[in-house]
Amino acid sequence: MPYYPVNLNLAGRRCAVIGGGAVAARKVLALLAAGAAVTVVSPAVTAELAALAAAGQITHIERPYWPGAIENFFIVICATDDPDVNRQAAEEGRAKGALVNVADAPELCDFTVPSQIVRGDLVITVSTGGKSPALARRLRQELEARYGPEYGLYLAMVGRLRDEMKERLATPRARECFWRRALDDEALALVKAGKLHEAEEKIRDAIGGIRAEP
Ligand SMILES: C[C@@]1(CC(=O)O)C2=NC(=C\c3[nH]c(c(CCC(=O)O)c3CC(=O)O)Cc3[nH]c(c(CC(=O)O)c3CCC(=O)O)/C=C3\N/C(=C\2)[C@@H](CCC(=O)O)[C@]3(C)CC(=O)O)/[C@H]1CCC(=O)O
Ligand SMILES: NC(=O)c1ccc[n+]([C@@H]2O[C@H](COP(=O)([O-])OP(=O)(O)OC[C@H]3O[C@@H](n4cnc5c(N)ncnc54)[C@H](O)[C@@H]3O)[C@@H](O)[C@H]2O)c1
């Protein structure tokens, strides 16, 4: 059965990562990028995690997981290299109402972490349903080459125009028509060529066609 994709708002939410190796570090960075308040429980951590702890960007509890370590967390990620510890922490997390991810046991996960590229507010993710993270990584690399940083700028511009069009076009139907027409291949080609200003003009021009309709 495929997973149900969601986009969680983690701003300020307490998230725990059990373990402090390379996998834990990858998960921590993604949590921080989403504004989560991250606590790492691990006797040892990577240099990157140690630097984040020293800078006060994460809380590091420098000891092995113990039953009772998980209190008041929205998300718990179990990423030690000890499957028994991961299982135990997952059980406690779930019993205490957290959403649980277990790095070495997809069958114990409430959610899996997709591969992702982030361009401003644009987030493109790939999930293989746990079948092949390596394929997810490969597809992510293809998407990275295709959807460069200009797409973040494009989205920011379109977002601004969307607010404007809510004022200028009276009905949801007119706005739907407008946006289906406005985001065409030509606008995309201009974005890809780095001509954002021209793309914006092109999109604005599309309002003429909508207004002319009965
Ligand atoms: C996408 C990404 C996100 C992230 O971690 O941030 C992610 N794994 C990534 C990379 C990666 N992971 C592994 C390899 C080695 C090659 C291989 O095994 O394929 C590579 C590739 C590499 O590193 O080159 C090994 C591995 N991964 C899992 C297991 C356990 C198992 O399957 O039983 C094992 C075996 C461990 C072992 O053998 O001991 C499990 C999971 N890994 C997931 C996510 C979830 C499913 C995502 C999906 O549905 O696709 C899931 C289920 C749980 C979770 O972690 O949420 C990140 C790509 C980041 C990027 O974009 O580069
Ligand atoms: N889901 C994924 O994306 C993915 C990818 C590769 C590997 N894995 C799995 O994830 C696990 C972790 O991989 P890694 O490369 O980060 O391993 P690692 O060996 O680099 O790190 C393991 C970490 O766990 C900590 N640890 C050990 N015992 C602990 C305990 N009792 N309490 C708290 N922390 C403890 C260690 O101090 C260390 O920081 C591996 O077992 C592997 O099977 C998952």
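**Close-up views of a predicted model**

**View 1. The shell around ligand 2.** Helix H1 (residues 22-33) supplies 3 residues to the shell around ligand 2, the most of any contributor. Helices (H or I, at least four residues) and strands (E, at least two) are DSSP runs, numbered from the N terminus. The shell holds 22 residues, of which Gly19, Gly20, Gly21, Val23 and Pro64 come nearest. A residue is near a molecule if its C-beta atom, placed from the backbone, lies within 6 Å of it. By class, the shell has 14 nonpolar, 5 polar and 3 charged residues. Here Ala, Val, Leu, Ile, Met, Phe, Trp, Tyr, Cys and Pro count as nonpolar, Asp, Glu, Lys and Arg as charged, and the others, Gly among them, as polar.

This is a predicted model: local features need pLDDT of at least 70, side-chain atom pairs count only at pLDDT 80 or more, and totals for chains, interfaces and linings use all residues. Residues are numbered from 1 along each chain as its sequence is written, while chains are lettered from A and ligands numbered from 1 in the order written.

**View 2. Strands E4 and E5.** E4 (residues 75-78) and E5 (residues 99-102) run parallel, joined by 4 bridges. Pairing requires at least two DSSP bridges between two strands. Cys78 stands opposite Val102 in E5.

View 3. UniProt (unreviewed entry) places "domain: Siroheme synthase central" at residues 119-145. UniProt positions follow the numbering used here, feature names are shortened, and annotations may be inferred rather than shown by experiment. This span, residues 119-145, is 48% helix and 22% strand, and its end C-alpha atoms lie 12 Å apart.
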